[in-house]
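Student: Could you walk me through this one? I have not looked at it before, and I would like to take it step by step.

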Amino acid sequence: MTLRLLAGHPALDFVNTIDPREGVHRVDHLRAYEDLVDWAERAGILGAADARQAAREATRDPVAAARAFDRAVVLREATYAIFGAVTGRRPAPADDVQELHAAYREAIDHARLTQTGRRFRWRLSSGLDVVRWHIARDAVALVESEMLGRVKRCPGSGDCGWLFLDSSKNASRRWCSMEGCGNRAKLRRFLRRRKRRTDRRAVGSLQTRYLAAGSRASGAHPR
Ligand SMILES: [Zn+2]
C-alpha cells in the first residue's frame, strides 16, 4: 500500500484511507482485514509483533476477521463524520458519537494500565479488533484535546477532502500536502493569471484593430 500518512494524527490518517475522500472517484485502500493490519503497522499503530499476532488470528478465523474489519470501517466512517463536522463547525451526528463512544468503551475493556519505569500507559490486549481499539482511543484523545480546533479539511481539487491536524506554529497549514494539493492549487492560480493576461492582450489588440478600422472609415488620424 502506497497511501501517504500526512494527517499528523493516526485517527485522521485512518479517515484518509479513502482517497480522495469525497466525490465519485473515491478509492478505498482498505478492502480486507489484511489491508487494515498492514496499514496499522505502517502507521505505527501496531508494532511488528502485534501485527503478526493479528494476522495469525485472522488466518485462524477469517469469518471473525471479516466482521472485525467491518467494525473498523464503521468506526472510520463515524470518525470521519465527527471530525468532518468539527471542521465545518457543526455538531457531530449523534449516531457517530455513539459509535465512537462504544468503540472507546470496548478499548478500555481490553486495556490494562501498566507501568514502565516512571511512566504509566494503557496497554491494549491483542485481538482482531485491536486496530479499532487503538483508533477509538486516539480519536477520543483528540476530541478531548485543545488541538481539536486545529483539525482541518483539505480544500484541494478533485474532491480531496482529507483531514489533517495543523500543528504549524501560526496555524497556517491549508493543504493535506504542499507537493500534492498545494502545488496543484498554485499551478491553477498561475494558469488563471496567465489566461487573464492573454485575454487582456487579446481584448487590447481587438480594440486597436477596431480603432484603426474606425479611423480609416472616418479619415481621422489615430492618436
Ligand atoms: Zn488534499
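Student: To start, what pLDDT does the protein average?

Tutor: This is a predicted model, and the protein averages a pLDDT of 91, with 93% of the residues scoring at least 70. Over residues 218-223, however, the pLDDT is below 50, and beyond near neighbours in sequence that stretch has five contacts in the model. Where pLDDT is low, the predicted coordinates should not be read in detail.

Student: Okay, and how many helices and strands are there in the protein?

Tutor: The protein has seven helices and six strands, and along the sequence they follow the pattern α-β-β-α-α-α-α-β-β-α-β-β-α.

Student: What radius of gyration does the protein have, next to a compact globule of 223 residues?

Tutor: The protein has a radius of gyration of 26 Å, whereas a compact globule of 223 residues would have one near 17 Å. Along the principal axes, the C-alpha atoms fill a box of roughly 95 × 35 × 35 Å. As for burial, 29% of the 223 residues count as buried.

Student: Which domains does the domain assignment give?

Tutor: The assignment gives domain 1, covering 10-169, and domain 2, covering 177-223. The centres of domain 1 and domain 2, taken over C-alpha atoms, are separated by 50 Å.

Student: How many residues of each domain are in contact with the other?

Tutor: Four residues of domain 1 are in contact with four residues of domain 2. On the side of domain 1 that touches domain 2, two residues are nonpolar, two are polar and none is charged.

Student: Changing topic, which residues of the largest nonpolar core touch the most other members?

Tutor: That core has 46 residues, and those that touch the most other members are Leu12, Leu36, Val131, Ala136, Leu163 and Phe164. At least two residues each come from several elements, including helix H1 (10-15), helix H2 (33-42), helix H6 (130-144) and strand E6 (163-165). H4 gives the most to this core, with nine residues.

Student: What does Phe164 touch, leaving out residues up to four places away in sequence?

Tutor: Leaving those out, Phe164 touches Leu6, Ala7, Gly8, Leu12, Lys152, Cys154 and Cys176. The C-alpha atom of Phe164 is also separated by 8.2 Å from that of Arg150, 14 residues away along the chain.

Student: Where is Arg150 found, then?

Tutor: Arg150 is found in the loop between H6 and strand E5 (151-153). Not counting residues up to four places away in sequence, Arg150 touches Leu165, Asp166, Ser167 and Ala171. Arg150 counts as partly exposed because it has 17 C-beta neighbours inside 10 Å, and a residue needs 20 or more to be buried.

Student: You mentioned Ala171, so what is its phi?

Tutor: Ala171 has a positive phi of about 55° although it is not a glycine. Most residues other than glycine have a negative phi, and most peptide bonds are trans. Ala171 sits in the loop between E6 and helix H7 (178-218), and it counts as exposed because it has 11 C-beta neighbours inside 10 Å.

Student: And what about Arg89, is it buried or exposed?

Tutor: Arg89 counts as exposed, because it has 7 C-beta neighbours inside 10 Å. Its place is in the loop between H4 and H5, and its phi is near 55°, a positive value in a residue other than glycine.

Student: Is the peptide bond from Asp19 to Pro20 cis or trans?

Tutor: The peptide bond from Asp19 to Pro20 is cis, with omega near -5°. Pro20 belongs to the loop between strand E1 (18-19) and strand E2 (27-28).

Technical notes:
Residues numbered from 1 in each chain as written. Predicted model: local features only at pLDDT ≥ 70, side-chain atom pairs only at ≥ 80, totals over all residues. Domains from an automatic or database assignment. Contact = placed C-beta atoms within 7 Å. Nonpolar A, V, L, I, M, F, W, Y, C, P; charged D, E, K, R; others polar. Core = buried A, V, L, I, M, F, W, Y, C linked by C-beta atoms within 7 Å. Buried ≥ 20, exposed ≤ 12 C-beta atoms within 10 Å, placed from the backbone. Helix = DSSP H or I, 4+ residues; strand = E, 2+ residues; numbered from the N terminus. Rg over C-alpha atoms; globule rule 2.2 N^0.38 Å. pLDDT = per-residue confidence, 0-100.
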